[in-house]
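Please keep the sequence and the structure in view while reading.

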Amino acid sequence: MFSGKGRIARADCPSMLASMCSRFCALFATLALTAPLAAIDLEDDPGYLSARQALQDGLPAVAAVKAERLLRAATSGSIQRQTLAALVVEAKVRAGDGRGALDLLRVEKVPNADFWEAQARVYAGDLEAAEEQLARRLAENAATSQERLLYAQLCCRSGHLAEARAVLAPVMKGQDTDAIHRARLLLAELDLREGITAPVISALASPDMMADPRTALLRAQALSREGRHAEAQTLLRGLLAGSGGGEELHHSAAVLLAESLRDEGQPAEAAAGLVQFLENTAASGLWQRAFDVLWSCQQALPGQPPPDEAVRWAAGLNPLKTALPAPTPTDLQSHRLFQSHALLLFARWLAAEKRPVEALGLLEAFLQLTPEHPSLDDAMSLAADLYGRIGAAQRLETLAALWQNRARGGSARVEFASAQAAYSRGDHRRAMQLFETAASLATSLSSRRSALYNAALSAWRAAEQATYQTLVAQLAATGSDTEAADRRITAADLELDRALELAGQESAEAKTALEAFLKKNGNHPRAPEAQAALAEAILGMPQPDFAAVERALTAAETAADATERQKQRIALARLWSLERQNRLKDLTTAGMDFLNRWPSSSQTALVRMKVADAYYRQENFAAARTEYEIVAHEHSSSPFADTALYFAGMASLSMLSDEGRETAINLWQQLAERGGPLAISARQQQAQAKRRAGQEEEALKLLDSLLQEKELPRQIRRSLLCEKAEILMLLGKSSPSQLQTAASTLRVLLQESELPLLWRARAGYTLAVALRSAGKPSEALEACYDVVQSASLTTAADPAEALWYYRAGFFGIELLEDMKQWEPAARLAEKLATTAGERAPEARQRATKIRLEHFLWDGK
């Protein structure tokens, strides 16, 4: 509905490593911090040593249990108790139990308590309080290196990169080599966040840095960004083959390796690696990122469905995540989270395959399964877009309301979905207001542009011209970078889309709007599109300016940035122009040029039909037949196939040869067997061809079989009855009884109520001829009289109606003259002379001639 311009762009995702900044906090700042505080008796205590060993072995929850047991027995206020309390806090922090650590810090005295409290708040999710506490320590000039490292990481997470660098500067000047090492890693991460790669590669190349697995991960990211994928992949594969660095680092390396392979142009290999990673991780904080990368790989593999493993995942049948003896609530939550990621992957693929209903089914399952999923906004945004496309305004409105409640306080994406709902139900004024709100809440330039674009479009549809102009000005103020140009959401694009829509509506304003756009934006990338549309708009006028059409087409054709698709459109417009000018020879030449240049174009069938029609109108029936047959056979699934086969038969018949006639009959037989909308017309043409060949009996059988069709259109039934009567009259030359059958057939037609003049006149004239041939001139005269009396023809009539009307009238005059009834003949001629048709003067002359030749003047 929004032509691809009404979607809010996803927020720019920070790098994978940057998003893990908070996860590295504990790893960077908590290693071996409690050892110096241990008293002699604790160093000899097996329980204490066991707790410390559990912490070093990566089992902080076990360490916390052991240390808490010792803490309960320790003497209040003793150094041993402080040491044990510090160990419990550290263990709880590293286990992610920030609230448990805070509870202990409130009742126990712990060395370096400010740092541990801030660290615990981070894990408890209270980042703002942690940042405020550390900022206060910095202001008091009391912050330790660990506190500076933690505060810098919080700044990194919130995007305050300059402040993070300033906080780290004193650490880099200090004497703590371990803190300096961690600061270097963090500074490298800051460089990567700012798009700086070369210093990262060189700064982390020293032997002391290279010993840390985290260094290899950062260097690999920098190398990958520089396009040095082979080097990056070597480092990442080394990390994955090793046992150091921890589980999160291995997960990061696996996903980063897939990104590198994808960016190198190996999406299939990248997808295979991600499938292996996802198959073998019971839980990971990188699932969302991995599935996003897997979807980007899927997009680079058109025509291929998602991997087979994803089918199991979407169905909730991944053995690794379900084969637990007694799954805990956390296990079940993790399982549902993973399954929902797979559902979203399939929904995205189905949406890209233009299967919106199936995609929406999966998205609805997603929303029911995990209402707090980290990708919920992406799922709801896709659902809103798909509901808008299929016109499900009520469901779109419900979805927007749910999203609104979840957002609590408003978000650009929620307002955008609500606006889409309003737009779908035709409430353009409300949509305009909601899109404006979405623009004011947008957190990125891209989403603001999208919202402003659609707000202006809604304003135009709502006839709010003043608001429309204001929004166009706001959209223009956002600039026109590469992203905006690619998505066609600049102010110039809006003006052009408005003009194109006017052209699509065949509005008289279209030409003016397109000319105004071209005058203002002559060098716009879409200028060729505007020129082609201008040419089409001029061609749609009653009296086109063909010179202006050619100028517009030439300007579009010679544009340096005209795409192949635009060039095809230009060529089609030129064909249309030649057709309107009746330049048939030029049309065939231009059409064949198009077919030679773009043999695989989606417009090939249309162009070949135009070429065939031009040949037919030039009476080059052999060439016409060839082109029609090519369309029928090479484009058998196109909407032109049946028409092409029908006219191939017409062209063959028009060649006036026995071979041509037989070919025509065979072609129409093929068409009749297809059973399409032209099947009956094809059988009718077969009957006419057999009649021309003197095969009246066969023609009659065909007509009788057609007349037995139950749902025969009335117009075709009338035509068939007249043709049947004409064939019966031909057979009447050798079998007079057939004349009476012909008359009966025509009388059946004439008994039809409200019979149009065309068929009344044609049937009446044919009946008169049949009756005269049967020796019944009076009844023939009656048939002619009935036709003349049925219509006055005082106004201009349809040419076909006038043809049969005058035939009946003049045939009546001929019958009266044969009967030597001169006065009635003159009167009938005079009646015809009062009509408005082309033969009225002829009737007047005929009446005068009869009266002069037979002295019928009455002296008036």
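The model is predicted: local features need pLDDT of at least 70, side-chain atom pairs count only at pLDDT 80 or more, and totals for chains, interfaces and linings use all residues. Residues are numbered from 1 along each chain as its sequence is written, and side-chain values use heavy atoms, with hydrogens and water left out.

**The whole protein**

- The protein has 49 helices and 0 strands; helices (H or I, at least four residues) and strands (E, at least two) are DSSP runs, numbered from the N terminus.
- Of its 860 residues, 50% count as buried, a term for under 20% relative accessible area with a 1.4 Å probe and protein chains only.
- Among contacts (heavy atoms within 4.5 Å) with a separation of 6 or more, 57% join residues 24 or more positions apart.
- The accessible surface, computed by the Shrake-Rupley method with a 1.4 Å probe, comes to about 40,400 Å², and carbon and sulfur atoms hold 51% of that area.

**Helices H15 and H16**

- The axes of H15 (residues 213–225) and H16 (residues 229–241) come within 8 Å and cross at roughly 155°; axes are lines fitted to C-alpha atoms over the stretch in contact, and angles run from 0 to 180 degrees between N-to-C directions.
- That angle makes H15 roughly antiparallel to H16, the word for angles over 145 degrees.
- The crossing of H15 and H16 is left-handed, that is, the near helix is turned anticlockwise from the far one by less than a right angle.
- Residues of this contact include Leu-217 and Leu-223 of H15 and Leu-235 and Leu-239 of H16.
- The contact of H15 with H16 divides into 9 nonpolar, 2 polar and 2 charged residues; Ala, Val, Leu, Ile, Met, Phe, Trp, Tyr, Cys and Pro count as nonpolar, Asp, Glu, Lys and Arg as charged, and the others, Gly among them, as polar.

**Helices H23 and H24**

- H23 (residues 356–369) and H24 (residues 376–390) pack at an angle of about 145°, with axes 10 Å apart.
- H23 passes H24 in a left-handed crossing.
- Among the residues in contact are Leu-360 and Phe-366 of H23 and Met-380 and Tyr-387 of H24.
- By class, the contact of H23 with H24 has 14 nonpolar, no polar and 1 charged residues.

**Residue Ile-538**

- Ile-538 lies in helix H33 (residues 527–539) and is buried, with a relative accessible area of 3%.
- Beyond its neighbours within four places in sequence, Ile-538 is in contact with Lys-511, Pro-544, Asp-545, Ala-548 and Val-549.
- Ala-508 and Ile-538 are 30 residues apart in sequence and 9.9 Å apart in space, C-alpha to C-alpha.

Conventions:
Parallel < 35°, antiparallel > 145°, perpendicular 65-115°, else oblique.
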